[in-house]
Amino acid sequence: MKMPTVKYQRGDMVMGRWPGSNLYYEVKVLGLDAKSQLYTVIYKDGTELELKEQDIKSAAGFQSRSRSRSRSPSRRRSRSRSPARTTRRSSSRTAAAVAAAAITESAPSSRRDAKLKDSVEVRLSPLQQTKAAENNSNNKHEKKEENNTANEKSEAVAEAVPEKNQGRYNLRRRKDDGDFKSVEAKVEQLEEKEAKLAAATPPSTPLDFGGKIGAYFWLLFLPAWVLFLLLQVNLEDPSLANFPPPLPPLEAFWDVQALGFVILWILFQAVLYILPVGKLSEGMPLRSGERLKYRTNGFFAIVVSSVAVAAAMHKGFDLTYIHSHFLQLTAASFIISILLSTYLYVRSHYAAPEQLALGGSSGNVVYDFFKGHELNPRIKNFDLKFFCEMRPGLIGWCLINFAMALAEMKHQGLNAPSHSMILVNLFQLLYVVDGLWNEEAILTTMDLMHDGFGFMLAFGDLVWVPFTYTLQAYYLVSWPNPLSLPALGAIVTLKLVGFYIFRKSNSEKNAFRRNPSDTRLSHLRNIPTATGKSLLVSGWWGVVRHPNYLGDLLMALAWSLPCGFSHLLPWYYMIYFIILLVHRDSRDMSECRRKYGSAWDEYCRTVRYRIIPRVY
Ligand code: NDP
């Protein structure tokens, strides 16, 4: 039996036809499915498609031309006249978007043709006839365009070398200029709409967190894990030998006052968030090109919250209520996170396609509910994700820690909190205050830029962070751990070193993403990518990949050390954080490889060291 031949090998750079068009793009062969005889290829913008062998050609037979060249000379001329348009064109458009426009151009039965067939006549003329004119009249402008954007350069579109008796063709006008201009405007409008739609429609990205089955698992596991931690830390001996902790009756979880307290806290934070105090910061450009505005007044919010808490205590409110009703407060926050996630999922069905998160649009209800379907759900200007990420849970974390310090004094009969408790409180307060002071920096993180707002983040922000990150302080209430002076000094030093690395590296990337031409960053080397963004290859991000994770890990270690080594429980955060960063790092690596293609590989070759070892 004759074995089928494999014409293109994995890793080959070839030209792949965009389905439905006669445009070819440079693609990398990822593999051949022996059964379907389809090649999986990846375009430069990360789009993966399966192509037949006849839709692939070797790169040698192609002449690479910039995307604008594939358009008619008169269209290019009209573009160059408008600076605004030039800017818009030079902003990054995905190959899919360009190809969507190309499909419209090439498919005779397309919507655009149907609309235009009465108003324009075109004739096909071999390209050779127009080439000289093109070169003469537009070379200068094209060169400028090509220099302007890395994107335009690397998304070079090539057209097929003439097949037998068939030339390469450009659309050329037959009617007079006036007619053509109005038609041209229409074409542009329609083309833009199509490109916008193509850019906005979320392509299916690989499923994360174990996919659909994984989503079921995490939905059940995460709340169960929080419950386990809280029950375990309440045991007389929280050693793992006493696993599993006994389950209290259901009514033990419910306390209407606790629910009222949580609601009041969230509403109070919401009021502080909407106050017209503080800077309005711009988020990163969305797929639609839009940049959302965020009120970054987190530092103001924590200061006002502290004053409010002090006032409540002055009025006689016993903050140790938080310690004695921890389970009920957690249950109340959990209920709110479920209600919020349900609301988010339902409203995501009314969101425009460009407002959906690429990672949370699988079509599977459970997965999308878990991962988050809508990227930036907002009620008017109130950004729900940004608010939940930065306010009730984060500031609540400090409030709970403070309450635990008071509870420790009460339970241990102390006049002041222990050294360990003070360290844990101060370290974590510094982390939160720093986050709120540099609130703008969160706008360039994965959560804000890529993850949809669903159960994962709602639960994480409202339950996981405030009720598990406080476990060390909770533990110290019942299990004090005296520290010697050298131990204290060593832990403080570790925290400060970690904090320095964390802050410097995060600020460097944030400043670079906000303004790559910032003169204060001119000493940093970077490599351009096809998306128009560049990657830092010197400074902190040139020493090691994800230097910010290193700083964070050192700080996590400094948070657990004050609790000593008697139990594993206060080390939970450290263990969890390693797992989180391993997964986050791998998610980010594949996302960056998808986004930046060969530029990412070059970055990885240049910056060899990584904080997180590759485990899968
Ligand atoms: P990062 O802030 O590290 O963001 C990763 C993104 O940075 C990439 O997707 C890429 O985005 C960009 N990037 C990567 N390499 C480069 C480079 N060389 N040059 C320029 N840009 C680059 O990730 P996270 O959002 O995971 O973390 C943010 C901070 O929050 C970290 O310090 C982390 O430790 C901390 N964190 C803390 C948690 C906690 O529970 N305590 C939980 C999660 C995070 P693009 O190119 O698209 O801009």
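**Helix pairs**

H15 and H16 run roughly antiparallel to each other, because their axes cross at roughly 165° and anything over 145 counts as such. This is a predicted model, so I read everything below as features of a prediction. I noted the spans too: H15 covers residues 392-412 and H16 covers residues 419-437, with the axes coming within 10 Å. The crossing of H15 past H16 is left-handed.

I then listed who makes the contact. From H15 I have Leu394, Ile395, Trp397, Cys398, Asn401, Phe402, Met404, Ala405 and Glu408. H16 answers with Met421, Val424, Asn425, Gln428, Leu429, Tyr431, Val432 and Leu436. Sorted by class, the H15 and H16 contact has 13 nonpolar, three polar and one charged residues.

Next pair: H8 (residues 211-233) packs with H12 (residues 326-348) at about 170°, axes 11 Å apart. That makes H8 and H12 roughly antiparallel as well. On the H8 side I found Pro223, Val226, Leu227, Leu230 and Leu231, and on the H12 side Phe326, Leu327, Thr330 and Phe334. The class tally for H8 with H12 is eight nonpolar, one polar and no charged residues.

**Salt bridges**

How many salt bridges are there? The count comes to 18. I looked at three of them, starting with Lys279 and Glu440, whose closest N and O atoms are 2.9 Å apart. Lys279 sits in strand S10 and Glu440 in the loop between H16 and H17, 161 residues apart. Lys279 is partly exposed, at 48% relative accessibility.

Glu440 came up again when I checked Asn510: leaving aside neighbours within four places in sequence, Asn510 touches Glu440, Ala441 and Thr444. Asn510 belongs to helix H20 (residues 485-514). Is Asn510 buried or exposed? At 9% relative accessibility, Asn510 is buried.

Asp447 and Arg584 form another bridge, 2.9 Å from N to O. Asp447 is in H17 and Arg584 in H23 (residues 572-596), so this pair ties together parts 137 residues apart in sequence. Both Asp447 and Arg584 are buried.

Last one: Arg587 meets Asp451 at 3.2 Å, N to O. Arg587 is also in H23, while Asp451 is in the loop between H17 and H18, so parts 136 residues apart are tied together. Arg587 is buried at 12% relative accessibility, and Asp451 is buried at 5%. Bridges with shared partners join Asp208, Lys371, Asp451 and Arg587 into one network.

How values were computed:
Residues are numbered from 1 along each chain as its sequence is written. This is a predicted model: local features need pLDDT of at least 70, side-chain atom pairs count only at pLDDT 80 or more; totals for chains, interfaces and linings use all residues. Side-chain values use heavy atoms; hydrogens and water are left out. Helices (H or I, at least four residues) and strands (E, at least two) are DSSP runs, numbered from the N terminus. Buried means under 20% relative accessible area, exposed over 50%, partly exposed in between (1.4 Å probe, protein chains only). Contact means heavy atoms within 4.5 Å. Axes are lines fitted to C-alpha atoms, for helices over the stretch in contact, and angles run from 0 to 180 degrees between N-to-C directions. Angles under 35 degrees count as roughly parallel, over 145 as roughly antiparallel, 65 to 115 as roughly perpendicular and the rest as oblique. A crossing is left-handed if the near helix is turned anticlockwise from the far one by less than a right angle, and right-handed if clockwise. Ala, Val, Leu, Ile, Met, Phe, Trp, Tyr, Cys and Pro count as nonpolar, Asp, Glu, Lys and Arg as charged, and the others, Gly among them, as polar. A salt bridge is a side-chain nitrogen of Lys or Arg within 4 Å of a carboxyl oxygen of Asp or Glu.
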